[in-house]
Amino acid sequence: MAYSIKNSLFVRNLSPDVSEKHLREIFGECDEIESVTFKPYNTLSNQFFAQIDFATSKGVIEGNKLSGTAILGVNCVCGVIDPLASPGTGHEDGELSLTMDAAAIQAEFARRTKEAEDDQKFRTVHIKNLGMDMNYQSIRTLCKNFGEVDRLKVDEDDDGQRFALVEFRERGPAHVCKMQQQYLVNGRILYFMESETMVDEAAFAE
């Protein structure tokens with residue numbers, strides 16, 4: 001990497017409307033400014049950066065601290081490395097950093113959402129072969145023998161067969177039910193199995 005020989009500060013990620021006056025107002029307090037030069041990147045885009053030459057090194061040191069300052073609504077990026085001295089620096093570091101941060105946040109959100117979804121499905125048991133005599137309350141009472149129930153839904157499949165989705169608060173009770181698989185209740189065999197869906201997917205999405 002090539003470093004500036006002069007007392008130069010390079011300011012990137014600038015608004016297309018920024019002017020020398022704007023930069024002098026912001027960086028002028030750092031030290032005496034000898035010159036402000038706008039330079040295009042070595043690309044076909046209209047992106048550009050500014051080179052600010054200070055009278056002493058104090059301006060560079062203090063000016064570098066202003067990296068991230070909003071100029072006309074755009075957070076600038078300051079440094080002592082000439083962007084033209086490093087190949088491929090047509091991408092503005094500020095925008096690239098923000099893009100990477102946004103991507104990292106999205107990836108982390110997706111990971112946590114997937115973990116929460118898997119956990120909720122693991123705690124949910126699908127019960128089939130319900131009789132017409134088993135209502136919401138009787139199913140809840142039955143399942144409470146295994147552990148605390150958070151949510152419960154009774155529905156019918158495409159063939160009109162009644163089933164229930166039971167979401168336990170803890171994984172343990174759900175695991176026990178699935179391992180046992182079959183339970184005889186009032187002379188009727190109920191089948192406990194893995195659930196492919198959640199009790200309330202809309203609430204989870206929110």
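# Questions on a predicted model

Reader: How exposed is Leu 72, as a relative accessibility?
Author: This is a predicted model, in which local features need pLDDT of at least 70, side-chain atom pairs count only at pLDDT 80 or more, and totals for chains, interfaces and linings use all residues. Residues are numbered from 1 along each chain as its sequence is written, and side-chain values use heavy atoms, with hydrogens and water left out. Buried means under 20% relative accessible area, exposed over 50%, and partly exposed in between (1.4 Å probe, protein chains only). Leu 72 counts as partly exposed because its relative accessibility is 44%.

Reader: Where is Leu 72 found, and what is its phi near?
Author: Helices (H or I, at least four residues) and strands (E, at least two) are DSSP runs, numbered from the N terminus. Leu 72 sits in the loop between β4 (70-71) and β5 (74-75). Its phi is positive, in a residue other than glycine, and is near 55 degrees.

Reader: What is the phi of Asn 129 near?
Author: Asn 129 is in the loop between β7 (124-128) and α4 (136-143). It is partly exposed, at 28% relative accessible area. Its phi is also positive in a residue other than glycine, near 70 degrees.

Reader: Which residues have the most contacts inside the largest nonpolar core?
Author: A nonpolar core is a set of buried Ala, Val, Leu, Ile, Met, Phe, Trp, Tyr and Cys residues joined through side-chain atoms within 4.5 Å. The largest has 18 residues. Elements giving it two or more residues are β7, α4, β8 (149-156), β9 (162-168), α5 (171-180), β10 (182-185) and β11 (188-194). The residues with the most contacts inside this core are Ile 127, Ile 139, Val 166, Phe 168, Leu 190 and Phe 192.

Reader: How many residues does the second, separate core have?
Author: This core includes Leu 9, Leu 14, Phe 27 and Ile 33. Its residue count is 17.

Reader: What is the N to O distance between Asp 119 and Arg 171?
Author: A salt bridge is a side-chain nitrogen of Lys or Arg within 4 Å of a carboxyl oxygen of Asp or Glu. Asp 119 lies in helix α3 (residues 93-122) and Arg 171 in helix α5, so the pair ties together parts 52 residues apart in sequence. Their side chains meet in a salt bridge, at 2.8 Å.

Reader: Are Glu 167 and Arg 123 buried or exposed?
Author: Their side chains meet in a salt bridge (3.1 Å, N to O). Glu 167 lies in strand β9 and Arg 123 in the loop between α3 and β7, so the pair ties together parts 44 residues apart in sequence. Both Glu 167 and Arg 123 are buried.

Reader: Which residues do salt bridges with shared partners join into one network?
Author: The whole structure holds 11 salt bridges. Those that share partners form one network of Asp 119, Arg 123, Arg 151, Glu 167 and Arg 171.

Reader: Which element of the chain has the lowest mean pLDDT?
Author: pLDDT is the predictor's confidence in each residue, from 0 to 100. The chain mean is 82, and 81% of its residues reach 70 or more. Helix α1 (residues 20-27) has the highest mean among the elements, 95. The lowest, 53, belongs to helix α6 (residues 201-205).
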